[in-house]
There are 2 protein chains.
Amino acid sequence: MTHTAELIAVGTELLLGNIVNSDAQMISQTLSALGINVYYHTVVGDNPQRVKAAVEVAKQRADIIITTGGLGPTCDDLTKQVLAEAFGKKLVFHAPSARRMEAYFKAFLPHRTITENNYQQAMLPEGCTVLDNDWGTAPGCAFQADGVTVIMLPGPPRECRAMLEHRVVPYLKGMSDGVIASRTVKLFGIGESAMEARLRQQMESMTNPTMAPYAKEGECEVRITAKAPTLQQAQAMLEPVEAQLRREFGDLVYGVDVPSLHARISTLLREQGLTLATAESCTGGLAAQRITDLPGASQVFRGGVVCYTDQVKRDVLGVAQQTLDSFGAVSSQTAQELAKGVCRCTGSDIGLSFTGVAGPDPDEGKPVGLVYIGLARGDRVWVKELHLGSARDRNRNSAVLHGFDMVRRLLSGLDIL
Amino acid sequence: MTHTAELIAVGTELLLGNIVNSDAQMISQTLSALGINVYYHTVVGDNPQRVKAAVEVAKQRADIIITTGGLGPTCDDLTKQVLAEAFGKKLVFHAPSARRMEAYFKAFLPHRTITENNYQQAMLPEGCTVLDNDWGTAPGCAFQADGVTVIMLPGPPRECRAMLEHRVVPYLKGMSDGVIASRTVKLFGIGESAMEARLRQQMESMTNPTMAPYAKEGECEVRITAKAPTLQQAQAMLEPVEAQLRREFGDLVYGVDVPSLHARISTLLREQGLTLATAESCTGGLAAQRITDLPGASQVFRGGVVCYTDQVKRDVLGVAQQTLDSFGAVSSQTAQELAKGVCRCTGSDIGLSFTGVAGPDPDEGKPVGLVYIGLARGDRVWVKELHLGSARDRNRNSAVLHGFDMVRRLLSGLDIL
């Protein structure tokens, strides 16, 4: 049976535009991968009458309702009360949740004392399945009533994401008459529309497995999903589709089920026992920041220099004054010397450099969007010249992704340029 | 009269989680600043029955309906048809919009030919106010019927934002019996709940002007909004409230109507003709990346070093080996030498350093969340010791904000620690 879901986000901060409803995006992606249709998202404020009205509407048009937010300890947090009432259920005290919360406070918030209000969070609809929250204080819950499955999740995206993955997906899989498996094939170096054009005809003819393309900030991905009586069977159905995508896109595929290009190169560096360093002019530290976002980065990343002046390029990274004078800071020659220089001064195996005109104004008479990326390994050095657009933030992101892809290609034995 | 608005986003890509509903956030912020209540956001797919159902629900509970998306040239783009039908209006051909579209194609998409489908975009509800789109091909429109004001905007955020600012705000102001002015007072160094507690009583008693608190990733703000017959009168009403907030929160207020703490320190540096450099261990380049996100950063930022190893701390930034041996890399002494060292090697006036244990694992026997921030100016140096939580990404963000606030305090002649 195909299910139809509606997401209800509860929070005045969403209606004021203080935050964006990223929970809805995250849950939609997950439900889509499970083959569950999402027909509506609703956002409503911290007002019991209006939340109740939204739930009444949703009951008429969905058989799965997932709420986010409003599970906190303050009087604004009313989701459980309203939902329990809408489905004729009482709230009852759930002692194990209270104990978990006490343990959480002790471990992560040692300076805060638990208040009576906090214990409100352990009041849950009678007979519900408790969704333990290991990432915050508010437990989630799920129950079935009036032909509808109701699932309540905390609003903070970090908690919502973890609860979704570890609590909701297993719960929804249990409701299903089959098992769902999915894989995400990640690509760099092709635009979404070009990718989609190459897949469209086939996508439209597929029902199980299915393929869905996504684009995100300069990268692309294709999610393949299969449904079968057992996980093994579902996984087996994915194999030929993954193989076919790899044939179709060749070395544009940088990984399957990996979170990002920088996660991929971190893995490659770790596997090969190599270290990386960055020299960044126009990208201003973005590449270093991405790499070091990952726990354990110190094993593969030795350091970076953000060289916003010629003096830093020269004195810290050893770029020759003559190079700067003859070719300018934004040049292939400078990119090469930066990449070599940062290897030398940090003692890294691989150096990656960025120098360019991020915008909004041209520099050295060179146009906005011109970027040189240098890659050094031992005595060898490669330079890639990019002509990007006029948007500063997109240029920085795009340059960093191109640089990471050069590192991936080097470590995978592929052509770099 | 106070208006109540509902936003309806039309687009299957939102329900698949392919994109996040950033239009809703943007429009909500704008309506909130205009004093218009937003009670619901709805997202619905490209399906005429379901869009119609969403509009019927919205008509019952809002007197302003703003739609985003579904104005494009393909058969999926059905917003105008459905809305016109729901309010008993015919679509009629609007020749000036067709001419504008032809001119737009000529100027920005010279390689594309206009198709019959494109001309569908010039079909608009009879008697509507046309909202000219100078940023894309699909015109927006507005009309009033059945006691409801309907406004339709294109979905792409860049077009939606421009149309909102240049077309919708003037239209809504024309509906209003007064003018709205607002100011945002930005704070650092106080939590949202503590700020709210100090303001709650007063906030609740205010009707015009009003105050609304917001929290965002470690910072807080209070938005004050006033409505009056003229802009001058509205502005005058904001003065005493701003003054009172400044008295209440003193030097926790880092600015009014400034976008961020790093924008504030960039302005201070520029005004005082000073330059900054960063030495980052645990923050991995995040501080440099933030500062260089701003156009014109090269005037105030000379460079930074991401020092992920002791060798880089010593050889590039000149931290004494003895300091590292005696006190460790995560220590007040190392933070001081890093801040001084980065001034020296980049030739900057001010040096800001970060060294700590971002997590998830302890390091040097020191706990996750311990961070030392060093600030150097000439011969003087200050160090702040932080004990943050266990979440790596929040720790990095929080450390960077504390560091920026130290720079702000230095440049504003305030106590730094």
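A residue is called buried when its relative accessible area is under 20%, exposed when it is over 50%, and partly exposed in between, using a 1.4 Å probe and protein chains only. With a relative accessible area of 53%, A:Asp146 is exposed. The structure is a predicted model, in which local features need pLDDT of at least 70, side-chain atom pairs count only at pLDDT 80 or more, and totals for chains, interfaces and linings use all residues. Residues are numbered from 1 along each chain as its sequence is written, chains are lettered from A and ligands numbered from 1 in the order in which they are written, and side-chain values use heavy atoms, with hydrogens and water left out.

**Nonpolar cores**

- A nonpolar core is a set of buried Ala, Val, Leu, Ile, Met, Phe, Trp, Tyr and Cys residues joined through side-chain atoms within 4.5 Å, and the largest one here has 37 residues, of which A:Leu276, A:Ile350, A:Leu352, A:Leu375 and A:Phe404 touch the most other members.
- Two or more residues of this core come from each of several elements of chain A, including α10 (261-272), β15 (350-356), β16 (370-377) and α15 (392-411), where helices (H or I, at least four residues) and strands (E, at least two) are DSSP runs numbered from the N terminus.
- Helix α15(A) gives the largest share of this core, namely eight residues.
- Apart from this core lies another one of 36 residues, and among them are B:Leu286, B:Leu386, B:Ala399 and B:Val400.
- Contact means heavy atoms within 4.5 Å, and, when residues up to four places away in sequence are not counted, A:Ile350 touches residues including A:Leu269, A:Leu276, A:Cys343, A:Leu375 and A:Leu411.

- Leaving aside neighbours within four places in sequence, A:Asp405 is in contact with A:Phe188 and A:Leu261.

**The interface of chains A and B**

- In this interface, 59 residues of chain B are in contact with 61 residues of chain A.
- The two chains bury about 4900 Å² between them, 54% of it on carbon and sulfur atoms, where buried area is the accessible area (1.4 Å probe) that two parts lose on being put together, summed over both.
- A salt bridge is a side-chain nitrogen of Lys or Arg within 4 Å of a carboxyl oxygen of Asp or Glu, and two are found across the interface of chain B and chain A.
- B:Asp293 forms a salt bridge with A:Arg396, with the closest N and O atoms 3.2 Å apart.

**Backbone features**

- The peptide bond from A:Gly359 to A:Pro360 is cis, with omega near 10 degrees, and A:Pro360 is found in the loop between β15 and β16 of chain A.
- In chain B, the peptide bond from B:Gly359 to B:Pro360 is cis, with omega near 5 degrees, and B:Pro360 lies in the loop between β15 (350-356) and β16 (370-377) of that chain.
- A:Asp146, although it is not a glycine, has a positive phi of about 50 degrees, and its place is in the loop between β7 (140-145) and β8 (148-153) of chain A.
- A:Asp257 is a residue other than glycine with a positive phi, near 60 degrees; its place is in the loop between β12 (253-256) and α10 of chain A, and it is partly exposed, with a relative accessible area of 48%.
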